[in-house]
Amino acid sequence: MGVPRLIAKLSNLKSSSTFDEDKNTNWHSYDSWLEKHPSALVAFKKMMHGAESKKIVVFLDYDGTLSPIVNDPEVAFMTEKMRAVVHEVGCCFPTSIISGRSREKVYDFVQLDNIYYAGSHGMDIMAPLQPLRIRDWKYHAKAVDRKGNKLVIYQPANKYLPEINQIQKSLEEKTEAIEGVKLEDNKFCLSVHFRNVPDEDLGTLEEQVKSVLEEHPQFRLTRGKKVLEIRPPIDWDKGHALEYLLDSLGLAGSNDVLPIYIGDDTSDEDAFELIHRRRQGHSIIVTSIPRETWASYSLYDTTEVMLFLEYLTKWKRISSAI
């Protein structure tokens with residue numbers, strides 16, 4: 001699909017079923033917001049101007065970016081078509097998924113061996129092995145993937161695992177009587193999903209979660225989409241994970257690297273802010289409602305994410321042939 005056809009498609013989206021299903025969207029405010037955060041589909045040609053000489057590196061969130069947000073986080077499956085598109089992206093560019101989920105769980109969802117994975121908001125990273133770039137092996141371990149490629153696992157919050165397990169047990173006891181709550185062990189962080197909790201019980205749930213953390217005051221409580229997340233007290237987030245992966249790829253100090261980061265969650269803002277400060281790369285937020293963000297561009301939903309990734313791989317094939 002060429003750029004003119006893409007723009008034509010986007011101009012008709014407001015009358016499509018995708019937009020009709022979202023009854024809460026205020027189109028006037030959304031259009032105004034788009035002036036500051038234009039569609040990455042419409043702006044694709046501008047974004048890729050001069051990128052032929054750059055080393056493009058792709059970073060993706062999972063939930064809400066590659067798979068739709070669903071009521072049960074255990075069934076947040078990506079489509080086979082999305083999987084094929086992400087595989088093609090991984091064939092064209094170094095590609096990483098940075099998720100709040102555990103690294104193993106994200107891999108089980110994605111099932112691709114040509115990309116890198118970072119779980120627990122970047123606190124559990126499997127990356128290329130670059131021995132000369134690693135000065136401190138304290139939080140590192142060597143690994144080998146299914147194809148025999150040498151990798152390194154980085155887990156800077158490893159020492160907090162025993163306390164995280166204690167917090168999980170306390171949460172299970174404190175929340176077991178609350179209908180609809182879902183606890184998820186993401187290894188180095190814990191997620192308390194409340195999407196299915198009745199409104200009248202939300203206050204009780206938050207009180208119980210905070211009461212558990214009173215016994216572990218160093219740990220941080222953050223919020224995502226219908227989820228409370230408990231994280232260990234280390235200065236590490238998805239922005240740091242992006243920097244670590246660039247360093248692992250030997251691109252941290254490169255002036256011609258072009259990171260492209262796509263995500264939908266508040267936790268992705270750390271990576272968006274990093275790209276904004278670096279003034280190097282493109283940050284793309286996935287959202288159907290206007291919101292404050294460091295991202296420069298936007299995509300409406302996972303369907304548009306897939307379309308953008310498809311166009312990115314087509315651009316790569318065309319630019320490589322010139």
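## Reading the model

Helices (H or I, at least four residues) and strands (E, at least two) are DSSP runs, numbered from the N terminus. This is a predicted model, in which local features need pLDDT of at least 70 and side-chain atom pairs count only at pLDDT 80 or more, while totals for chains, interfaces and linings use all residues. Residues are numbered from 1 along each chain as its sequence is written, and side-chain values use heavy atoms, with hydrogens and water left out.

Let's start with helix α8 (residues 202-213), where E206 and K210 sit four residues apart, about one turn of the helix. Their side chains meet in a salt bridge (3.1 Å, N to O). The term stands for a side-chain nitrogen of Lys or Arg within 4 Å of a carboxyl oxygen of Asp or Glu.

E206 also forms a salt bridge with R223, the closest N and O atoms being 2.4 Å apart. This pair links distant parts of the chain, since R223 lies in strand β9 (residues 220-224) and E206 in helix α8, 17 residues apart. E206 is partly exposed at 23% relative accessible area, and R223 is partly exposed at 48% (buried means under 20%, exposed over 50%, partly exposed in between, with a 1.4 Å probe and protein chains only).

The structure holds 17 salt bridges. One of them joins R103 to D124, with the closest N and O atoms 3.1 Å apart. R103 lies in helix α6 (residues 103-110) and D124 in strand β4, so the pair ties together parts that are 21 residues apart in sequence. Both R103 and D124 are buried.

There is a network to look for as well: D63, E74, R101, K105, K182 and E184 are linked by salt bridges.

## Strands around β6

Strand β6 (residues 150-154) has four of its five residues buried, so it is largely enclosed by the rest of the structure. It pairs in the antiparallel sense with β4 (residues 124-128) over four bridges; two strands pair if DSSP finds at least two bridges between them. Here M126 has I153 of β6 as its bridge partner.

β5 and β6 form a hairpin with five residues between them, and G148 in the turn has a positive phi of about 85°.

## Two cysteines

How many disulfides are there (pairs of cysteine sulfur atoms within 2.5 Å)? The count comes to zero. C91 is in no disulfide, as the nearest cysteine sulfur, that of C92, is 6.6 Å away. C91 is exposed at 51% relative accessibility, whereas C92 is buried at 19%.

Methods
Disulfide = S-S within 2.5 Å.
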